[in-house]
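Here are a few friendly notes to read beside the model. Have the sequence and the 3D view open as you go.

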Amino acid sequence: MMSFVPLLLVAILFPAIQAVQFTKCEMFHLLKDMNGYRDFTLPELICTLFHASAYDTQAIVENDGSTEYGLFQISNKHWCRSDQIPESRDICGISCDKFLDDDLTDDIMCTKKILDIKGIDYWLAHKALCTDKLEQWNCEKL
């Protein structure tokens, strides 16, 4: 029984160890190379990500028959492949679960494709919440 307790603790704590939830300023510095991409400012992107995923790399949202994955909430309907929607267009050529880790390289690559094709208004929060008063989303002084 005594060896079961540590195993149970590891099982409970393991998912928390895997998830990465960034702060606003960590996001700002990690994504600084995206500033100006398709004329979108970094504060716009940081604000949009906050409202889309709260900067959580393991955020998953069920949305009208599809699922949105990760920090950028990338949908399996068009952008990545999953078992849920086998007929997905998979424009980014990647499995959706790859958007749930803390390596943002593939997330950024796919996000740039989304920005190229759909623009930042692909993320509904942008137009509603992230077009004015963006000073609060700026971390340049850090």
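1. Helices (H or I, at least four residues) and strands (E, at least two) are DSSP runs, numbered from the N terminus. The expected span of a helix is 1.5 Å times one less than its number of residues. Helix H4, residues 105-117, has 13 residues and spans 19 Å from first to last C-alpha, close to the expected 18 Å.

2. This is a predicted model, in which local features need pLDDT of at least 70 and side-chain atom pairs pLDDT 80 or more, while totals for chains, interfaces and linings use all residues. Residues are numbered from 1 along each chain as its sequence is written, and side-chain values use heavy atoms, without hydrogens and water.

3. Which strand do the buried residues of H4 pack against? They pack against E3 (74-75), with contact meaning heavy atoms within 4.5 Å. Buried means under 20% relative accessible area, exposed over 50% and partly exposed in between (1.4 Å probe, protein chains only). Among the buried residues of H4 are Ile108, Cys110 and Leu115.

4. Take a look at aspartate 106, which lies in helix H4. Aspartate 106 is buried but has no salt bridge (a side-chain nitrogen of Lys or Arg within 4 Å of a carboxyl oxygen of Asp or Glu). Lysine 98 is its nearest side chain of opposite charge, 6.2 Å away; here Lys and Arg count as positive, Asp and Glu as negative, and His and the chain ends are not counted.
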